[in-house]
Amino acid sequence: MELNRVNRPLVRYLGGGGSLPSRANVRKVIHENPVYDKAPYNAAQSTGGARNSIEGWAGEERIHNNVHVWVGGDMGLSSSPNDPVFFLHHCNVDRLWAAWQAKHPAAAYVPAGNASDTLKFHRIDDPMYSPFPEKVTPRDVLNYSQYYKYDTLGDLL
Ligand SMILES: [Cu+2]
């Protein structure tokens with residue numbers, strides 16, 4: 001699908017593809033993935049990790065990606081941040097991440113800091129790509145509860 005890039009309104013094709021995850025889908029992903037990720041730490045890695053399951057590259061739930069597809073239009077493109085629902089969706093993905101962390105408090109973030117340089121920008125102490133000048137690493141954001149708390153994790157745990 002090619003959308004005109006200028007002088008057009010926000011475009012959505014709600015329900016034109018993808019699907020919205022059910023509570024059962026979300027609970028399954030949180031409950032059945034006790035490890036954060038596994039090598040090779042990419043989208044092709046199809047089993048055994050919460051990251052790929054929540055992001056939507058693995059498993060039938062495809063939580064994050066399926067919502068982008070379900071909303072469609074701009075949400076299916078790199079223009080997705082132009083749609084306000086993008087921020088609601090990503091806040092919910094963050095909430096699911098918090099639920100997964102609460103369910104598996106002993107699970108380690110991987111790849112570790114001593115992993116291969118081929119994993120640069122993904123290791124726990126590597127600065128993540130950001131348009132902002134402040135450098136933030138995965139370690140800096142693992143303990144989100146120092147900044148805020150969710151009061152709606154409810155039956156996800
Ligand atoms: Cu997204």
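Q: What should I know about the numbering and the model before starting?
A: Residues are numbered from 1 along each chain as its sequence is written. The model is predicted, and local features need pLDDT of at least 70, side-chain atom pairs count only at pLDDT 80 or more, and totals for chains, interfaces and linings use all residues.

Q: How are two packed helices described, and at what angle do α1 and α4 cross?
A: Two packed helices are described by the angle between their axes and the distance between the axes. Here the axes of α1 (residues 23-31) and α4 (residues 84-103) come within 9 Å and cross at roughly 45 degrees. The two are therefore oblique to each other (angles under 35 degrees count as roughly parallel, over 145 as roughly antiparallel, 65 to 115 as roughly perpendicular, and the rest as oblique).

Q: Which residues make the contact of α1 and α4?
A: Two residues are in contact if their C-beta atoms, placed from the backbone, lie within 7 Å. Val-26, Ile-30 and His-31 of α1 meet Leu-96, Ala-99, Trp-100 and Lys-103 of α4.

Q: Is Pro-21 buried or exposed?
A: A residue is buried if 20 or more other C-beta atoms lie within 10 Å of its own, exposed if 12 or fewer, and partly exposed in between. Pro-21, in the segment before α1, has 22 C-beta neighbours inside 10 Å and so counts as buried.

Q: Which residues of α3 are buried?
A: In α3 (residues 63-71), they are Ile-63, Val-67, His-68, Trp-70 and Val-71. They cover an arc of only 165 degrees around the axis, so they lie on the same side of α3.

Technical notes. Axes are lines fitted to C-alpha atoms, for helices over the stretch in contact, and angles run from 0 to 180 degrees between N-to-C directions. Helices (H or I, at least four residues) and strands (E, at least two) are DSSP runs, numbered from the N terminus. The arc is that of the directions from the helix axis to the C-beta atoms.
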